[in-house]
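Please read the following note alongside the sequence and the model. The points are numbered so that each may be checked in turn.

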Amino acid sequence: MTLNEDPLGPLSPDFAKQFVRDVRRPPCQLYLVSPLDVTGAFPDRLARALDAGPVAAFQFRVKDIDQHAAARLAEPLQRICADHDVAFLVNDSISLAKRLGADGVHLGQDDGDPREARDVLGPNAQIGVTAHDSRHLAMEAGEAGADYVAFGAFYPTTTKDVRHVPEPVILSWWSALFELPSVAIGGITPANAAPLIAAGADFLAVSGAVWNGDEADAIRAFDAVLKG
């Protein structure tokens, strides 16, 4: 099996045509992911974004710096999130999430096991797992105690290298079978978000569409799409 093959095989496109979102599920919400550079004026930009409209969660995502430096950068952002009642999650690092007392952690496939994260972070931590385009990986994450699974990248993105491009129908399949929330990620903008919402995404993870321009305008534009 290659990396891009789901052992469960392809999903029928007809599944999407038959999909109806369960009215008991909360409406789709926004999940904001930081740019890699959160220095300088970024805390002010984050506050401005969170003032502009509803955001459910913020993921702190930095690379190639030591944990002490990462913690210094994270602390003001964590305070801003707390002031706005936004969940603060750390990308990749269970130990940094523990150090910060973060609300949770997001794990890639090579970043640790959800069971280990639960042991370290406790029963109330939000633990997310990347499932790429694989229903099999998503189900494994759920069985391991993840609180949400992330599918993507749905669209071209410059935020990270893309090797997996699922069809939106995977969100419909997941929503129909599992209560665990799904996060759609990858190149999502206000202009292309609607099909993912309609397919059943519980959260839209967005980064460049917000930080590459006016963050407040972008949040307001996403809010309009999410409200339909």
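This is a predicted model: local features need pLDDT of at least 70, side-chain atom pairs count only at pLDDT 80 or more; totals for chains, interfaces and linings use all residues.

1. Arg115 touches Glu143 and Ala144, where touching, or contact, means heavy atoms within 4.5 Å and residues up to four places away in sequence are not counted. Arg115 itself is found in helix 5, residues 114-121. Helices here are DSSP runs of H or I with at least four residues, strands are runs of E with at least two, and both are numbered from the N terminus. With a relative accessible area of 48%, Arg115 is partly exposed. On this scale, buried means under 20% relative accessible area, exposed means over 50%, and partly exposed lies in between, using a 1.4 Å probe and protein chains only. Between Arg115 and Asp202 there are 23 Å in space, C-alpha to C-alpha, and the two are 87 residues apart in sequence.

2. Residues are numbered from 1 along each chain as its sequence is written, and side-chain values use heavy atoms, with hydrogens and water left out.

3. Which residues form the contact between helix 6 and helix 7? Helix 6 (residues 135-143) and helix 7 (residues 169-177) pack at an angle of about 35°, and their axes are 11 Å apart. Axes are lines fitted to C-alpha atoms, for helices over the stretch in contact, and angles run from 0 to 180 degrees between N-to-C directions. Helix 6 contributes Arg135, Ala138 and Met139, and helix 7 contributes Ile170, Trp173 and Trp174. These residues divide into 5 nonpolar, no polar and 1 charged. In this classification Ala, Val, Leu, Ile, Met, Phe, Trp, Tyr, Cys and Pro are nonpolar, Asp, Glu, Lys and Arg are charged, and the others, Gly among them, are polar.

4. Asp6 lies in the segment before helix 1 (14-18). Is Asp6 buried or exposed? Its relative accessibility is 15%, so Asp6 counts as buried. Apart from neighbours within four places in sequence, Asp6 is in contact with Asp133, Ser134, Arg135 and His136. The C-alpha atoms of Asp6 and Lys17 are separated by 21 Å, with the two residues 11 apart along the chain.

5. Ser34 is found in the loop between strand 1 (29-33) and helix 2 (42-52). Ser34 counts as buried because its relative accessibility is 0%. A polar atom of the Ser34 side chain lies 2.9 Å from the backbone nitrogen of Arg61. A polar contact is a pair of N or O atoms within 3.5 Å; within protein, one must be able to donate a hydrogen and the other to accept it, and residues adjacent in sequence count only if both atoms are side-chain atoms. Beyond its neighbours within four places in sequence, Ser34 has several contacts, among them Phe42, Phe58, Ser207 and Trp211.

6. Asn192 also lies in a loop, between strand 7 (182-185) and helix 8 (194-199). Asn192 is buried, with a relative accessible area of 18%. The side chain of Asn192 has a polar atom 2.7 Å from the backbone nitrogen of Thr189. Residues up to four places away aside, Asn192 touches Tyr155 and Gly187.

7. The criterion used here is a pair of cysteine sulfur atoms within 2.5 Å. The sulfur of Cys28 is 18 Å from the closest cysteine sulfur, in Cys81, and is therefore too far for a bond. Cys28 counts as buried at 9% relative accessibility, and Cys81 counts as buried at 0%.

8. Some backbone details also deserve attention. The peptide bond from Gly152 to Ala153 is cis, with omega near 20°, and Ala153 is found in the loop between strand 6 (148-152) and helix 7. Asp92 is not a glycine, yet has a positive phi of about 75°. Asp92 sits in the loop between strand 3 (87-91) and helix 4 (94-100) and counts as partly exposed at 23% relative accessibility. His132 has a positive phi near 55°; His132 lies in strand 5, residues 126-132, and is buried, with a relative accessible area of 18%.
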